[in-house]
Amino acid sequence: MLDLLIITLVDDPMPEDTEVKAGPLGFAVWIFMIIAVVIIAFSLVKQLRKAQAAKDAGVYGDEPVQRSEEPHVSGAPDGSDTPGTSATTDER
């Protein structure tokens, strides 16, 4: 048995770098890995959004957060975000 192993190792030369190719199976595995990472990333984002919504609702013992439908945009042209001013201005 040992003789067969030694003969196999002596007769089987190492292939050159240009003689070895991944082929279609290697390409399919590569594409599968990319698709798996994309699916896992989308799942992670979905779970993080669900956890943030639960936290905002007070599920984890935090105070519930009241969020308006339209987010406040600072630097609005009517100056409504500046303290002490109103949306209407008096002309002098």
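Figure 1. The model shown is predicted. Of the 92 residues of the protein, 3% count as buried. Its accessible surface comes to about 9,200 Å². Carbon and sulfur atoms account for 64% of that surface.

**Figure 2. Helix H2 runs over residues 23-57.** This helix has 35 residues. From the first C-alpha of H2 to the last, the distance is 52 Å, which is close to the 51 Å expected at 1.5 Å a residue. After the helix comes Gly-58, and its phi is positive, near 90 degrees.

**Figure 3. A nonpolar patch lies on the surface.** The patch is formed by Phe-27, Trp-30, Ile-31, Ile-34, Ile-35, Val-38, Ile-39 and Phe-42. Together these residues have about 860 Å² of accessible area. Residues three or four places apart in an α-helix point the same way, because the helix has 3.6 residues a turn.

**Figure 4. Trp-30 is a member of the nonpolar patch.** Trp-30 is placed in helix H2. The relative accessibility of Trp-30 is 57%, so this residue counts as exposed. The cut-off for exposed is over 50%.

**Figure 5. Asp-56 is a buried residue of helix H2.** Asp-56 counts as buried because its relative accessible area is 15%, and the cut-off for buried is under 20%. Which residues are in contact with Asp-56, leaving aside its neighbours within four places in sequence? They are Glu-63, Pro-64, Val-65 and Arg-67.

Technical notes
Residues numbered from 1 in each chain as written. Predicted model: local features only at pLDDT ≥ 70, side-chain atom pairs only at ≥ 80, totals over all residues. Heavy atoms only, no water. Helix = DSSP H or I, 4+ residues; strand = E, 2+ residues; numbered from the N terminus. Buried < 20%, exposed > 50% of the residue type's maximum accessible area, 1.4 Å probe, protein only. Contact = heavy atoms within 4.5 Å. Expected span 1.5 Å × (residues − 1). Patch = residues over 30% accessible without salt bridge, like charges linked within 9 Å, V, L, I, M, F, W, Y side chains within 5 Å. Areas by Shrake-Rupley, 256 points an atom, 1.4 Å probe, with all protein chains shown as cover. Salt bridge = Lys/Arg side-chain N within 4 Å of Asp/Glu carboxyl O.
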